[in-house]
Amino acid sequence: MAREIRQPKPRERRRHERVRVKLDAQVWVRSLGSPVAYEFMTSDISIGGVFLKGSGKNYPFKEQTLLEIYVLLREEPETVLNFMGRIVHNAGGGFGIKIVQIDDQAQQGLNDFIKDLVDRG
């Protein structure tokens, strides 16, 4: 008699609803006083984090790495979201980022941006 083996569902770690949206993003890594920028695209964003997709090349980031991130939310008028984020998931060419430091004005801008996306459907 064959037995079906079921894999347990992975536990959902997200605390905030995600919105699927593609936005340009830059990640700045500062080491020895020399900043290096990497280009990414978001695949989704929430008030607590973002998933960044790269071009498929290898990046020097590991889980728990702290990064300075800039995301272009709007082109007109230009609105750039800046925050510090920690890699909480490394998915080969993409990263789950948790926002760990963001000023009040930037957080309000992110909240408003996500609300606009949800309202538009």
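Read along the sequence, the protein chain runs β-β-β-β-β-β-β-α, which amounts to 7 strands and 1 helix. Helices (H or I, at least four residues) and strands (E, at least two) are DSSP runs numbered from the N terminus. The model is predicted: local features need pLDDT of at least 70, side-chain atom pairs count only at pLDDT 80 or more, and totals for chains, interfaces and linings use all residues. Residues are numbered from 1 along each chain as its sequence is written, and side-chain values use heavy atoms, with hydrogens and water left out.

**Surface and burial**

The protein chain has 121 residues, of which 32% count as buried. Buried here means under 20% relative accessible area, exposed means over 50%, and partly exposed lies in between (1.4 Å probe, protein chains only). Among contacts with a separation of 6 or more, 48% join residues 24 or more positions apart, a contact being heavy atoms within 4.5 Å.

In soluble globular proteins, nonpolar side chains tend to be buried together. The largest nonpolar core in this model holds 27 residues, and Phe 40, Leu 52, Phe 61, Ile 69, Val 71, Phe 83 and Ile 97 touch the most other members. At least two residues of this core come from each of strand 2 (24-31), strand 3 (34-46), strand 4 (49-53), strand 5 (66-74), strand 6 (79-90), strand 7 (94-101) and helix 1 (104-120). Helix 1 gives the most, with 5 residues. A nonpolar core is defined as a set of buried Ala, Val, Leu, Ile, Met, Phe, Trp, Tyr and Cys residues joined through side-chain atoms within 4.5 Å.

Strand 4 is mostly covered, with 4 of its 5 residues buried. Strand 4 pairs with strand 7 in the antiparallel sense over 5 bridges; pairing requires that DSSP finds at least two bridges between the strands. Gly 49 has Lys 98 in strand 7 as its bridge partner. Leaving aside neighbours within four places in sequence, the contacts of Leu 52 include Ala 25, Val 27, Phe 40, Ile 69, Phe 95 and Ile 97.

**Salt bridges**

Side chains of opposite charge can pair when their charged atoms come close. The whole structure contains 3 salt bridges, each a side-chain nitrogen of Lys or Arg within 4 Å of a carboxyl oxygen of Asp or Glu.

| Pair | N to O distance |
|---|---|
| Arg 20 and Asp 44 | 3.3 Å |
| Arg 74 and Asp 116 | 2.7 Å |
| Lys 115 and Asp 119 | 2.8 Å |

The side chains of Arg 20 and Asp 44 meet in a salt bridge that links distant parts of the chain, with Arg 20 in strand 1 (residues 19-20) and Asp 44 in strand 3, 24 residues apart. Arg 20 is exposed at 63% relative accessible area, whereas Asp 44 is buried at 6%.

Asp 116 forms a salt bridge with Arg 74, and this pair also links distant parts of the chain: Asp 116 lies in helix 1 and Arg 74 in strand 5, 42 residues apart. Asp 116 is partly exposed at 33% relative accessibility, and Arg 74 is partly exposed at 27%.

Lys 115 and Asp 119 are separated by about one helical turn because they stand 4 residues apart in helix 1. Lys 115 is partly exposed at 48% relative accessible area, while Asp 119 is exposed at 54%.
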